[in-house]
Amino acid sequence: MPGTFPAAAPTLSGDSLTISRFLQNPALIQRRLRDYRDLRFVSDQLLTQRFRSQGGAVLYEQSEPFLTDRAVEAVGAGSVYPYANLATGTAAVAAISKWGQKVLLTDEEIARNAYAGSAIDRSMRKVVNSIIKQVDAIAMSAIQSAAADTATAGSWDNATAANRKPLEDILLAVQRIEDRNQGYRPDTLVVSPKAYTYLMLNDAIAQLRQRESTDNPVYTGEIETVAGLTVIKTPSLGTGALVLDSQQLGGMADETDGAPGYAVSDLAVQVKAIRKDDQDAWDLQGRRKTVPIVQESGAVEEISGVVS
């Protein structure tokens, strides 16, 4: 029986592809799997110090004073020097949590998968991304909770352009940190994608930037530095913004146990492939044993109400 030409185009229902036997298989365009850089996980950029834990927890001090508790006095000839006490920071303990998960990948799925040899790599990448996302959310929550106080500011997306004052809000936040006189040097501004957009659109900031330069946001679509602060964009922030000293704020305390078979992937995530011969399959497992530590709560200032 003669067939009709051209044959009907292929149809897709869910994951099932229906195609005429007279047609070639449609080209499969593989989607690039995004990693943590694309997904803008930033907690390790803000909590830059690295600690090692023992016993399932880490003991640390918060906001240790760098002066004695007594004013220095003039000492007369032959007189005894007055004693002063050395103040210590507030002690705190943080318990290590093991964040992890695994996925099952059968031999048949590896052999028959449209992604061919990259099936294992793509599956493991998803596990790593999921763990990094969880740790990032917990760390960002800890930073926001530890902020010494909040400077309420007018919104950067205010309907009245004259009320949009991001540069003023940022500089006032820097001042509040420096006024604590604890040696903090703010170096980072953290904003959401929406706040980042209005930061670039602000007229006051645009007028103060170099115009005869190719690194202007008009050309690059990026604004890397404002008021001496490195600008970091993350979807983990909602309506607020953070100004902080990334060198003194704190760090991540990781526990390493030397368990066999694990390899270290991105951002201290440990990965392992476990063969399951009784199932003709692999368990692809990932974990990170860590806890975010905020040692200097005065090193961060939150600006609320930045965007609606």
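Buried means under 20% relative accessible area, exposed means over 50%, and partly exposed is in between, using a 1.4 Å probe and protein chains only. Helices (H or I, at least four residues) and strands (E, at least two) are DSSP runs, numbered from the N terminus.

Now the ground rules. This is a predicted model, where local features need pLDDT of at least 70, side-chain atom pairs count only at pLDDT 80 or more, and totals for chains, interfaces and linings use all residues. Residues are numbered from 1 along each chain as its sequence is written, and side-chain values use heavy atoms, with hydrogens and water left out.

Let's start with helix H5. H5 covers residues 193–201. Which of its residues are buried? Ala-195, Tyr-196 and Leu-199 are. Seen down the H5 axis, these buried residues fall within an arc of 105 degrees, so they line one face of the helix. That arc is taken from the directions from the helix axis to the C-beta atoms. What do the buried residues of H5 pack against? They pack against H4, strand S8 (188–191), helix H6 (203–208), strand S9 (225–226) and strand S10 (229–233).

Two of those partners lead us on. Take H6: Ala-204 is found there. Ala-204 counts as partly exposed because its relative accessibility is 39%. Pro-166 falls within H4, which runs 166–178.

Ser-155 sits in the loop between strand S7 (150–152) and H4. Is Ser-155 buried or exposed? Ser-155 counts as buried, because its relative accessibility is 17%. The Ser-155 side chain reaches the backbone nitrogen of Asn-158 at 3.4 Å. A polar contact is a pair of N or O atoms within 3.5 Å; within protein, one must be able to donate a hydrogen and the other to accept it, and residues adjacent in sequence count only if both atoms are side-chain atoms. Contact in general means heavy atoms within 4.5 Å. Leaving aside neighbours within four places in sequence, Ser-155 is in contact with Asn-163, Arg-164, Gly-305 and Val-306.

Next, two alanines in loops. Ala-227 is in the loop between S9 and S10. Its phi is positive, about 55 degrees, although Ala-227 is not a glycine. Ala-227 is partly exposed, at 40%. Ala-268 is in the loop between strand S13 (263–264) and strand S14 (270–276). Ala-268 also has a positive phi, about 65 degrees, and is not a glycine. Ala-268 is partly exposed too, at 34%.

A cavity is a set of points, on a 1 Å grid over the protein atoms alone, where a 1.4 Å probe fits but cannot get out; lining residues have an atom within 4 Å of a point. Volume is the space filled by probe spheres set on the points, which are joined across faces, edges and corners. How many cavities of 30 Å³ or more does the whole structure have? The search finds one. The largest cavity has a volume of about 50 Å³. Its lining includes Phe-41, Asp-44, Leu-267 and Arg-288. Helix H1 (43–46) and helix H3 (119–146) each supply at least two lining residues. H3 gives the most, with three.

Methods
On a 1 Å grid over the protein atoms alone, a cavity is a set of points where a 1.4 Å probe fits but cannot get out, and a pocket is an open set with protein on both sides within 12 Å along at least five of seven lines; lining residues have an atom within 4 Å of a point.
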